[in-house]
Amino acid sequence: MTRHSTEHLIKLFNQTFIHSYNTELVCCQDEPIYLPANGDHPHHRIIFAHGFFASALHEISHWCVAGKQRRMLEDFGYWYEPDGRSAERQAEFEKVEVKPQALEWIFSQSANFEFHFSADNIALNNQPSGAFKQAVVEQVQDFLEVGLPNRAKMWSDCLMQYYRPNQPLDVKAFQLRSK
């Protein structure tokens, strides 16, 4: 097992949220999905893809953005259009991904794990736009200045305690790299 094992991540998440928010982190499906509790499953489930650490952080970030009513809906009631989106649909996708990817970046830093922007669209070379990246940077700065939402703060604090004790986040670590 590596230091960034999904087994550790699952254990940390479930210890933090299974009782307080009736939500558990579950591995592994081909596609990630959020499923609310039902008669067969007593806990809400954040199911991440393929056992990837980054996928788990990303799906948790969506959960941290979703309000109470959305957390009662499969995949939070959001649309998802698979790979092959047009440029116009990709722009819509990027708009709704700013907050989740900002939180994912914060969670990645909290866990000393490398963050990568995701356009989630191989048909358009899978490259997020510069405007999207800048919007994510600005959202990270806002979150760090104003404060994280409660669940996101709980998760970031948990990750920092495990992966980087006594090393607080530094807003300077959230910069776009020039190429």
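View 1. At 0% relative accessibility, serine 110 counts as buried, because buried means under 20% relative accessible area, exposed over 50%, and partly exposed in between (1.4 Å probe, protein chains only). Before going on, note that this is a predicted model, where local features need pLDDT of at least 70 and side-chain atom pairs count only at pLDDT 80 or more, while totals for chains, interfaces and linings use all residues. Residues are numbered from 1 along each chain as its sequence is written, and side-chain values use heavy atoms, with hydrogens and water left out. Serine 110 sits in helix H3; helices (H or I, at least four residues) and strands (E, at least two) are DSSP runs, numbered from the N terminus. So who does serine 110 touch, if you skip residues up to four places away in sequence? Its partners are Ser156, Leu159, Met160, Tyr163, Arg164 and Leu169, where contact means heavy atoms within 4.5 Å. Look for cysteine 158 too: serine 110 and cysteine 158 are 48 residues apart in sequence, yet their C-alpha atoms are 8.4 Å apart in space.

**View 2. Here is the whole chain, for orientation.** You can count 5 helices and 3 strands, and reading along the sequence gives the pattern α-β-β-β-α-α-α-α. Of the 179 residues in the chain, 40% are buried. Take the contacts with a separation of 6 or more: residues 24 or more positions apart account for 63% of them. The chain exposes about 9,900 Å², and carbon and sulfur atoms supply 51% of that; accessible areas come from the Shrake-Rupley method with a 1.4 Å probe, and for residues, only the protein chains shown count as cover.

**View 3. Helices H1 and H2 run side by side.** Two packed helices are described by the angle between their axes and the distance between the axes. For helix H1 (residues 6-17) and H2, the axes come within 10 Å and cross at roughly 20°. That makes H1 roughly parallel to H2. Axes here are lines fitted to C-alpha atoms, for helices over the stretch in contact, and angles run from 0 to 180 degrees between N-to-C directions. Angles under 35 degrees count as roughly parallel, over 145 as roughly antiparallel, 65 to 115 as roughly perpendicular and the rest as oblique. On the H1 side, look for Thr6, Leu9, Phe13 and Phe17, which meet Phe53, Ala56, Leu57, Ile60 and Trp63 in H2.

**View 4. Helix H2 also packs against H5.** The axes of H2 and H5 are 9 Å apart, and the packing angle is about 150°. That makes H2 roughly antiparallel to H5. H2 brings Phe53, Leu57, Ile60, Trp63 and Cys64 to this contact, and H5 brings Arg151, Ala152, Trp155, Leu159 and Tyr163.

View 5. You'll find histidine 62 in helix H2 (residues 53-65). Is histidine 62 buried or exposed? At 17% relative accessibility, histidine 62 counts as buried. Its side chain makes a polar contact of 3.0 Å with the side chain of glutamate 97. A polar contact is a pair of N or O atoms within 3.5 Å; within protein, one must be able to donate a hydrogen and the other to accept it, and residues adjacent in sequence count only if both atoms are side-chain atoms. Leaving out neighbours within four places in sequence, histidine 62 is in contact with Phe76, Glu97 and Pro100.

**View 6. Leucine 144 sits in helix H4.** That helix covers residues 130-146. Leucine 144 counts as partly exposed, at 28% relative accessibility. Setting aside neighbours within four places in sequence, leucine 144 contacts Ile106, Leu169, Val171 and Phe174. Isoleucine 106 is 38 residues away along the chain, with 8.9 Å between its C-alpha atom and that of leucine 144.

**View 7. Now for some backbone details.** The peptide bond from cysteine 27 to cysteine 28 is cis, with omega near 15°, and cysteine 28 lies in strand E1 (residues 23-29). Aspartate 75 isn't a glycine, yet has a positive phi, near 50°. You'll spot aspartate 75 in the loop between H2 and helix H3 (87-110), partly exposed at 26% relative accessibility. Asparagine 166, also a residue other than glycine, has a positive phi near 60°. Asparagine 166 comes in the segment after helix H5 (150-163) and counts as exposed, at 79% relative accessibility.
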